[in-house]
Amino acid sequence: MIQRGVLFIVLGLLLIGCKAKKRTTYSKKTKKEQVVSKPSKKQVFEDNGYYSLPEDTGKFVKFPINSIQEYIETFAEIAQMEMKAYGIPASITLAQGLLESGFGKGELALKTNNHFGIKCHKGWKGDRDYHDDDEAGECFRKYNHPMYSFRDHSIFLSGRSRYASLFELDSDDYKRWAKGLKQAGYATDKRYPQKLISLIERHQLYQYDRGVVRQGYGQDTANTGSANTTYVVKKGDTLYSISRRYSVSVEDLKTLNRMEGNTISIGQELMVRPAGVNK
């Protein structure tokens, strides 16, 4: 009986040790990487037309993508929200993401969540990784969440003077946007515009541009004959969308309304042109 009791105690200790070891290994893994199915609307989208980036928990978050269609379904609405906020055609954002990331399955995208092949460039202070591209071991930006890559793509294009001429184009003119990106030096591939246009037309990505335009964004001619000098901010408005509607620049809007930042709120009354001026 004593020997049998000792045997049970030994076996029990071994089982407890194995279970404890398994828990420790799993805990370490989840701290490094998190796999999620798709963005959560409740967490992500705000009323002002921008989407609120998820909190950076330090984990490297991945969306499991298995096909081009799944990539489009995962990121289409994010691309549309960026179009509303920055004026970049959703079709262009999606096509660039598909092409540059290998629909999310390319080596760079898997290692860095960098869906647009954006290199570090001078002044980049975020995470980075090194990858062979035009030259060996080039520095690329690294993001803990794929959605950071989409926002950084919008900031990258809208914040550099060499891309400024693109924002004079209609925001649903994907063909001229594709050609303009190549002319501005986004890519060295001579067939870059044709590849973007082919992806857009093959997968009908232009439908996402049209959906945004139908909501009143990106229409240069809308209300240009109106005598209104003020506008009341509605759900989904951004400074950019209002500027396009009234054919004024974002900077002019900010100057007219003595604004320092870009934040607006529903119900806020903005001056859209000086009193007495009818364009």
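The model discussed here is predicted.

**Helix H3 against helix H9**

- Helix H3, spanning residues 68–86, packs on helix H9, spanning residues 206–214, at an angle of about 40°, and their axes lie 10 Å apart.
- H3 and H9 are therefore oblique to each other.
- The crossing in which H3 passes H9 is right-handed.
- On the H3 side the contact is formed by Ile 72, Ala 76, Gln 80, Met 83 and Lys 84, and on the H9 side by Tyr 208, Asp 209, Gly 211, Val 212 and Val 213.
- Sorted by class, the residues in this contact of H3 with H9 comprise six nonpolar, two polar and two charged.

**Helix H4 against helix H9**

- H9 also packs with helix H4 (residues 90–101), here at an angle of about 150° and with the axes 7 Å apart.
- As the angle category for values over 145 is roughly antiparallel, H4 and H9 are therefore roughly antiparallel to each other.
- H4 passes H9 in a crossing that is right-handed.
- From H4, the residues Ala 90, Ser 91 and Leu 94 meet Tyr 206, Tyr 208 and Asp 209 of H9.
- The contact of H4 with H9 contains four nonpolar residues, one polar residue and one charged residue.
- Tyr 208 and Asp 209 of H9 take part in the contact with H3 and also in the contact with H4.

**Helix H4 against helix H7**

- H4 has a further packing partner in helix H7 (residues 174–183): the two axes come within 9 Å and cross at roughly 50°.
- That angle makes H4 oblique to H7.
- H4 passes H7, too, in a right-handed crossing.
- Ser 91, Ile 92 and Gln 96 of H4 make this contact with Tyr 174, Trp 177, Ala 178 and Leu 181 of H7.
- Five nonpolar and two polar residues make up the contact of H4 with H7, with no charged residues.

**Disulfide**

- The structure contains one disulfide.
- This disulfide joins Cys 120 to Cys 139, with an S to S distance of 1.9 Å.
- The link of Cys 120 and Cys 139 is left-handed, with -65° about the S-S bond.
- Distant parts of the chain are linked by the pair: Cys 120 sits in the loop between helix H5 (107–112) and strand E3 (128–131), while Cys 139 belongs to strand E4 (residues 138–141), 19 residues apart.

**Model confidence**

- The protein chain has a mean pLDDT of 80, and 76% of its residues reach 70 or more.
- Residues 13–31 have pLDDT below 50, and this stretch has two contacts in the model beyond near neighbours in sequence.
- Residues 41–49 also have pLDDT below 50, and this stretch has 28 contacts in the model beyond near neighbours in sequence.

Definitions and conventions:
Residues are numbered from 1 along each chain as its sequence is written. This is a predicted model: local features need pLDDT of at least 70, side-chain atom pairs count only at pLDDT 80 or more; totals for chains, interfaces and linings use all residues. Side-chain values use heavy atoms; hydrogens and water are left out. Axes are lines fitted to C-alpha atoms, for helices over the stretch in contact, and angles run from 0 to 180 degrees between N-to-C directions. Helices (H or I, at least four residues) and strands (E, at least two) are DSSP runs, numbered from the N terminus. Angles under 35 degrees count as roughly parallel, over 145 as roughly antiparallel, 65 to 115 as roughly perpendicular and the rest as oblique. A crossing is left-handed if the near helix is turned anticlockwise from the far one by less than a right angle, and right-handed if clockwise. Contact means heavy atoms within 4.5 Å. Ala, Val, Leu, Ile, Met, Phe, Trp, Tyr, Cys and Pro count as nonpolar, Asp, Glu, Lys and Arg as charged, and the others, Gly among them, as polar. pLDDT is the predictor's confidence in each residue, from 0 to 100. A disulfide is a pair of cysteine sulfur atoms within 2.5 Å.
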